[in-house]
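The sequence and the structure are shown first, and the description follows.

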Amino acid sequence: MKIALMDSGIGLLAAAAVVRRLRPDAELVLSSDPDGLPWGPRTPEDVTTRALAVARAAAAHAPDALVVACNTASVHALPALRAELEPGIPVIGTVPAIKPAAAGGGPVAIWATPATTGSAYQRRLIAEFASGVDVTEVPCPGLADAVQYADERRIDAAVAAAAALTPAGVTTVVLGCTHYELVEERIRAALRPVTGRDVALYGSAHAVAAQALRRVGADPRPDATPAGYTGPALTVLLSGRPSALPPEALAYPEGHLLLAPTAAA
């Protein structure tokens with residue numbers, strides 16, 4: 001089994017790590033676009049063009065499914081990706097976890113990039129899945145970039161700024177960018193003095209990883225023999241070029257997990 005994941009940068013690590021935990025025997029293809037990031041400020045047409053290029057690079061490795069581990073690409077490029085790749089390669093998009101986050105009744109904050117915050121897309125999700133729930137949209141300028149480059153100082157500053165915009169009564173926070181899931185503990189720690197509690201954080205990595213397995217007809221088998229024992233476990237493509245994991249990926253536990261031959265442990 002081979003699962004591909006795509007993103008502008010290293011935000012795909014969170015979902016890739018979940019896939020690796022659920023199926024250590026799966027080969028992974030990670031396709032990102034360091035030459036073109038960030039995608040957030042780009043026009044929808046430009047995002048679609050770049051996303052198609054990243055997806056084609058992954059598709060050349062004949063994966064059984066492709067996870068679009070990027071909110072921006074899922075918003076703007078998912079129809080084009082599915083039109084080109086399906087039914088041969090199932091394409092799984094990423095949706096902010098507003099529905100499960102709102103199920104507890106809130107209050108809820110949605111941390112997202114400035115381009116996504118207040119967008120028609122996010123407002124539609126709120127109206128559909130969080131009607132009647134107290135929802136605050138919190139822009140997080142610079143956070144995705146800081147995570148992408150593993151810039152500790154900028155991560156702390158961006159997280160602190162977003163925490164300051166988060167209402168004290170919030171009980172649940174949606175992480176509306178896949179990059180944010182790599183710094184969950186920092187976000188939780190920054191919110192603790194604001195809210196006086198440990199808030200529940202909702203990302204999308206577990207949901208998209210589980211959906212990818214469902215689409216290929218595979219059950220979770222966390223005790224399976226890791227793929228590294230039987231063949232190449234990890235292929236990395238940077239703007240289409242075969243590469244090793246970028247150094248910034250190894251600033252996060254998820255990056256190290258992907259390199260471990262005993263990833264199930």
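## A residue to begin with

Is Thr48 buried or exposed? In this predicted model, Thr48 has a relative accessible area of 16%. Residues count as buried under 20% relative accessible area, and Thr48 is therefore buried.

The residue belongs to helix α2, which covers residues 44-59. When residues up to four places away in sequence are set aside, Thr48 touches His76, Ala77 and Ala80.

## Fold and dimensions

The protein contains ten helices and ten strands. A box of roughly 50 × 40 × 35 Å, taken along the principal axes, is filled by its C-alpha atoms.

The radius of gyration of the protein is 18 Å. This agrees with a compact globule, because a chain of 265 residues in that form would have a value near 18 Å.

## Packing and contacts

Of the 265 residues in the protein, 51% are buried. Contacts may also be considered by their separation along the sequence. Among contacts between residues at least 6 apart in sequence, 77% join residues that are at least 24 apart.

## Surface and charge

The accessible surface of the protein amounts to about 10,900 Å². Carbon and sulfur atoms account for 55% of this surface.

The protein carries 21 positive and 25 negative charges. The mean position of the positive charges and that of the negative charges are 2 Å apart.

Technical notes. Residues numbered from 1 in each chain as written. Predicted model: local features only at pLDDT ≥ 70, side-chain atom pairs only at ≥ 80, totals over all residues. Heavy atoms only, no water. Helix = DSSP H or I, 4+ residues; strand = E, 2+ residues; numbered from the N terminus. Rg over C-alpha atoms; globule rule 2.2 N^0.38 Å. Buried < 20%, exposed > 50% of the residue type's maximum accessible area, 1.4 Å probe, protein only. Contact = heavy atoms within 4.5 Å. Areas by Shrake-Rupley, 256 points an atom, 1.4 Å probe, with all protein chains shown as cover. Lys, Arg positive; Asp, Glu negative; His and termini not counted. Charge placed at Lys NZ, Arg CZ, Asp CG, Glu CD.
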